[in-house]
Amino acid sequence: MFKVNKTIEEINYKIKHGEAVVVNAEEMIDIVRKNGTVEAAKKVDVVTTGTFGTMCSSGALLNFGHTAPKIKAAKVWLNDVEAYGSLAAVDLYIGASAVKKGDPLNAVHPGRFEYGGGHVIEDLIARKPVRLVAEGYGTDCYPAKRIEMEIFIDDLREATLLNPRNAYQNYSVATNSTDKTIYTYMGVLKPRFSNATYSSAGQLSPLLNDPFYLTIGIGTRIFLGGGIGYVIWHGTQHNPNEERNERGVPKTGAGALAVLGNMKQMNADFIKGASILGYGVSLSVGLGIPIPILNEEIAFFSSVSDEEIDAYIFDYGHDYPLKIDNTYGLTNYKKLKSGFITINGKKVPTAPLSSYSGAIKISETLKQWILDKKFFLTKPSVSLPQSGDYEPLKYLKKYEKNL
Amino acid sequence: MISKKVVLRFPEEIADKPLVSDICKKFELTFNIMRANIFPRKEGILTLEISGEENSFNSGIQYLKDNSVSISFVEESINRDESSCYHCGFCVAVCPTEALIITDRKTMRVDLFKDRCIACGYCVNVCPVKAMSLPDEF
Ligand code: SF4
Ligand code: SF4
């Protein structure tokens, strides 16, 4: 069916022998424009992607080892941020958005949310000490009722970043129609459409370069927070059946990934606790995925550019909180990145919330890992839930017809 | 001719004195209001760009100080911790003077032009990783 047919094994063989051609998703755009999809697929073996933004639905699964006497921890706090302890005796899960005990929240609006789960995760990765307090009710086998200790990441039995929903395929553009400034997870939105924010790495973003999840699936090895991680499931709210454009790219959120990785290898340059004014605590996650260029269709998909990625504009002042289904039309990432978009005929300044320069750094780091033979590609063991809209070559043919 | 941005804090007792118009008349200075938070019978904060001859500028500033106004110069007071800034862009959405702005649309790095800053503090509050800071007096 395809003119080019490569396998992951062949690509890994090339990586091992220092012969693989690896480019990032930005570089791939020109390669495909100049050479066409077939030649590009022959030439390029791997396209690296990246994204670095605040991703709620993140957290860490920790095992702090048995104390003497032993405790069956029912309630746990790390630096006064409550974690979930009802897993076993000394396993816990700390969610990125948990807020420190006693935080005034939004009592004085907009709240600052100085410290929370995301910061605990960053502190652990930065190899700072974290104070652990645990309470149990005491059993014959686990008699202790309270422990307090300082923990370091290297002393933990296990420290796993386990994020149920990361790397949203695409995302909404946010603006505000109301008369007052609002403080949202999409940043500060000024009244009467005075600004707009967006949160995707666009042409570098992993799932925008593999819009039908042809290579990214369960078991895919990835860059996660400066270390190595894996895709373990589709992200919560993964919805492959969102509306797509003529290139097969969804115009809103759509796909997402659940990912996991060993925190002990991670680097605080790529995992940051985030305090979002008036909203809460979150975690900024650096994530990158290599796409094996197995055939010309995958070469085509991975060459998507900012102007070919659309995004809907939503009103976070009025419609979004009330769950009113209304949009202010479509824009694209080329316009968003230019600094201005048009809403209702008005020129509106834009600001990103996801670090594009961070995404470049991640895609370049991943490229270097592959060139250094430190990172090999994996074949997914199971595919992610697929869109009913996908047929092999359908979008590539449509695209070539319009050339 | 010099021109500097200053933040003036008027303690409650003097908040109703016309000190700013005084310095204009007495020392032939001109000013441009960049930001004002003044409440009757409360402390007031005024960010101005004051311009004039160097000698009169200094005398004007001294006059304000003699009248218990506390003064901070804005220039170079804003600071960004370059090791924690990851160029997300949250601050770009709120900076009123384009002191924080993306000029290179290819790398999308966020630039800081300290000379445009009026020390409003919006970026300090909004930066998710607390990379922006102003000295305490602001
Ligand atoms: S909000 Fe903070 S981290 Fe983001 S670009 Fe501005 S200064 Fe840098
Ligand atoms: S304090 Fe920050 S937001 Fe305000 S003008 Fe200066 S740089 Fe811009």
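**Pockets and their linings**

Author: Let's begin with the second largest pocket: β25(A) gives the most to its lining, with 3 residues. Bear in mind that this is a predicted model.

Reader: What makes a residue count as lining that second largest pocket?

Author: A lining residue has an atom within 4 Å of a point of the pocket. For the second largest pocket, 17 residues line the space, and Pro349(A), Thr350(A), Val92(B), Glu98(B) and Ile101(B) lie nearest its centre. The elements giving two or more residues to this lining are β25 (346–352) of chain A and β6 (100–102) of chain B.

Reader: How much space lies in there, and which classes of residue line it?

Author: About 290 Å³ of space lies in the second largest pocket. Its lining has 9 nonpolar, 5 polar and 3 charged residues. Val92(B) and Ile101(B) are among the residues nearest the centre, and they count as nonpolar because Val and Ile belong to that class.

Reader: And the largest pocket: why is that called a pocket and not a cavity?

Author: A cavity is a space the probe cannot get out of, whereas a pocket is an open set, so this name says the space is open. About 1,000 Å³ lies in the largest pocket.

Reader: Which residues sit nearest its centre?

Author: Tyr168(A), Tyr171(A), Ser172(A), Tyr185(A) and Tyr316(A) do, out of 42 lining residues. β3(A) gives the most, with 4 residues. By class, the lining of the largest pocket has 19 nonpolar, 18 polar and 5 charged residues.

Key: Residues numbered from 1 in each chain as written. Chains lettered and ligands numbered in written order. Predicted model: local features only at pLDDT ≥ 70, side-chain atom pairs only at ≥ 80, totals over all residues. Heavy atoms only, no water. 1 Å grid on protein atoms, 1.4 Å probe; cavity = no way out; pocket = protein on both sides within 12 Å on 5 of 7 lines; lining within 4 Å. Points joined across faces, edges and corners; volume = space filled by probe spheres on them.
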